[in-house]
Amino acid sequence: MVGLLAQAIERRVAEELPAVKGPTDQLTQVVLNLLLNAADAIDGEGSILIEVDLHPERDDTIRLEISDSGPGIDAEILPHLFEPFVTTKPTGEGTGLGLAVTHTLVERLGGTIEAENDPLGGARFVVDLPVAG
């Protein structure tokens, strides 16, 4: 599955971006949680897109977007997605804590996170984080 995922991930990272404020391990956890959810959503078939650039309206903020071509997020779940123990996975396959932890980490880093369904299909997570110093 790792080889398959490596082929399904596209990265679009702007050059010469400023550093983001925060500990590397927390930033890594945010990205990892979002990528693991995207990988679960596509279930080995489909694609994941990672985009990193300056915020389109603020030069003191970096925007990370992770989108997938999976089924999207159920409209009933979407408003509660970042609450603890909310999961779309079958019983025993997920704790519902990954996105709650991700939300908490992003807020502690001074940023914001939002989830939405892409009109063309799949889900998109948008994380805005302040640049360092």
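**Close-up 1. The contacts of Ile 113 in the predicted model.** Leaving aside neighbours within four places in sequence, Ile 113 is in contact (heavy atoms within 4.5 Å) with Leu 34, Phe 82, Thr 102, His 103, Val 106, Phe 125, Val 126 and Val 127. Residues are numbered from 1 along each chain as its sequence is written, and side-chain values use heavy atoms, with hydrogens and water left out. Because the model is predicted, local features need pLDDT of at least 70 and side-chain atom pairs count only at pLDDT 80 or more, whereas totals for chains, interfaces and linings use all residues.

**Close-up 2. The largest pocket.** A pocket is an open set of points on a 1 Å grid over the protein atoms alone, where a 1.4 Å probe fits, with protein on both sides within 12 Å along at least five of seven lines, and its lining residues have an atom within 4 Å of a point. The largest pocket holds about 570 Å³ of space, a volume filled by probe spheres set on points joined across faces, edges and corners. Among its 26 lining residues, Asn 37, Asp 40, Thr 88, Lys 89 and Leu 99 are the closest to its centre, and H2 gives the most to the lining, with six residues.

Key:
Helix = DSSP H or I, 4+ residues; strand = E, 2+ residues; numbered from the N terminus.
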